[in-house]
Amino acid sequence: MKIYDLIIIGAGPAGITASVYASRKKLDFLVISLDIGGQAAWSGDIENYTGYQFITGPELAQKFQEHMLGYGTLLKENEEVLELEKSGTIIQLKTNKASYQAKTVIIASGKKSKELGVAGEKEFKNHGLSYCATCDGPLFSGKEVAVIGGGNSALDATLQLIKIAKHIYIINNALSLSGDLIMRRKVEEATNATILNNFSVSAVLGDKFVKSIKIKSLNQEKELAVQGVFVEIGLIPNSGFAKNIEKNESNEIKVDSHNQSNVPGIFAAGDVTDVPEKQIVIAAGEGSKALLSAFHYLSKNN
């Protein structure tokens with residue numbers, strides 16, 4: 001079996017940036033990812049990525065993809081890593097489609113959406129219930145929808161839906177919204193958005209598609225008629241396959257300042273790690289650091 005210099009797991013901002021640096025270093029490498037763009041592709045309007053005063057998430061993800069593929073990068077898309085293990089000096093990877101070997105690995109697999117864990121969630125997924133307003137928002141033009149959550153993800157989803165939906169109910173289980181001040185103000189000023197603090201979802205109802213949700217607070221329960229539900233309650237790391245890699249209490253991979261994990265030759269970058277603040281620009285920077293560290297590792301151990 002071919003042994004690559006490097007395998008990059010994930011093609012979000014961290015993984016794609018690592019791949020660009022790997023191409024420039026002339027490494028023999030492979031990128032494995034379920035999708036391209038990661039969370040950047042789910043974002044709405046982006047106004048804090050250096051070089052772009054304004055760009056949408058999908059547009060930025062497209063720029064990333066063009067940059068990566070412009071180097072002729074070998075990409076295995078729609079492929080999920082299931083197992084990762086180091087044996088001697090070689091790292092073994094098993095995906096849902098094949099097996100691979102490499103001298104170094106960069107885990108840049110990002111995060112995935114948390115689920116509500118309530119009745120009806122699984123039944124109505126993709127039948128009115130979504131985890132991506134950027135992807136599915138346009139399907140709910142002129143309809144009444146609910147956004148579940150009160151942080152930046154929920155606010156971003158709401159700001160996108162304000163332009164599309166007839167009305168948005170924001171179901172927030174905290175005392176107040178917790179996202180960035182500028183985003184909070186925009187949401188609070190919207191005439192077609194209603195904020196329901198101290199409420200949580202207890203069930204999603206419908207027949208073939210979502211028709212309503214049940215929400216409850218400490219002393220009341222009610223039903224809201226909505227045709228769409230957007231779950232934006234946070235993210236969890238895609239780190240389950242990295243069983244022998246040290247993680248923190250949130251299952252984020254622990255890395256040092258060189259992006260090295262506790263296993264020599266296995267590096268990590270971006271939102272899957274314990275690096276503070278989850279931002280596109282930070283993930284991209286961490287991806288470049290991880291690649292440079294992997295390159296130095298290969299130089300010393302090859």
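**Ground rules**

I number residues from 1 along each chain as its sequence is written, and my side-chain values use heavy atoms, with hydrogens and water left out. Since the model is predicted, local features need pLDDT of at least 70 and side-chain atom pairs count only at pLDDT 80 or more, while totals for chains, interfaces and linings use all residues.

**Entry 1: strand β8**

I started with β8, residues 99-107. Helices (H or I, at least four residues) and strands (E, at least two) are DSSP runs, numbered from the N terminus. I count two strands as paired if DSSP finds at least two bridges between them.

Which strands pair with β8 in the parallel sense? β1 does, over six bridges, and so does β19 (residues 266-268), over three bridges. On the β19 side, isoleucine 106 has phenylalanine 267 as its bridge partner.

β7 runs antiparallel to β8, and four bridges join them. Lysine 94 is the bridge partner of serine 99 in β8. I also noted that a hairpin links β7 to β8 through three residues.

Is β8 enclosed or open? I looked up burial, where buried means under 20% relative accessible area, exposed over 50%, and partly exposed in between (1.4 Å probe, protein chains only). Seven of the nine β8 residues are buried, so the strand is largely enclosed by the rest of the structure.

**Entry 2: the β6-β7 hairpin**

Next I stepped back to β6 (residues 81-87), which pairs antiparallel with β7 (residues 90-95) over six bridges. Leucine 84 sits opposite leucine 93 of β7. Two residues lie between the strands of this hairpin, and glycine 88 in the turn has a positive phi of about 70 degrees.

**Entry 3: a three-stranded sheet**

Then I looked at an open sheet of three strands, ordered β14-β15-β16 with antiparallel pairing. Its edge strands, β14 (200-206) and β16 (221-225), each pair on one side only. From one strand to the next, the twist averages 25 degrees (axes are lines fitted to C-alpha atoms, for helices over the stretch in contact, and angles run from 0 to 180 degrees between N-to-C directions).

How many bridges join β14 to β15? I found six, with β15 covering residues 210-216. Valine 201 stands opposite isoleucine 215 of β15.

**Entry 4: the largest nonpolar core**

A nonpolar core is a set of buried Ala, Val, Leu, Ile, Met, Phe, Trp, Tyr and Cys residues joined through side-chain atoms within 4.5 Å. The largest one here has 31 residues, and Leu6 and Ile106 have the most contacts inside it. At least two core residues come from each of β1 (3-9), α1 (13-24), β2 (29-33), α2 (57-69) and α7 (280-301). α7 gives the largest share, eight residues.

**Entry 5: a pocket and a cavity**

A cavity is a set of points where a 1.4 Å probe fits but cannot get out; a pocket is an open set with protein on both sides within 12 Å along at least five of seven lines; lining residues have an atom within 4 Å of a point. Grid points are joined across faces, edges and corners, and a volume is the space filled by probe spheres set on the points.

The second largest pocket has a volume of about 190 Å³. Its lining includes Tyr21, Tyr49, Phe64 and His67. α1, α2 and α7 each supply at least two lining residues, and α1 gives the most, with five.

How many cavities of 30 Å³ or more turn up in the whole structure? The search finds one. About 30 Å³ of space lies in the largest cavity, and Gly270, Val275 and Glu286 are among its lining residues.

Most residues other than glycine have a negative phi, and most peptide bonds are trans. I noted asparagine 251, where phi is positive, near 65 degrees. Asparagine 259 also has a positive phi, of about 65 degrees.

Where do they sit? Asparagine 251 is in the loop between β18 (235-237) and β19, and asparagine 259 lies in the loop between β18 and β19 too. Asparagine 251 is partly exposed, with a relative accessible area of 44%, whereas asparagine 259 is buried at 0%.

Notes. On a 1 Å grid over the protein atoms alone, a cavity is a set of points where a 1.4 Å probe fits but cannot get out, and a pocket is an open set with protein on both sides within 12 Å along at least five of seven lines; lining residues have an atom within 4 Å of a point.
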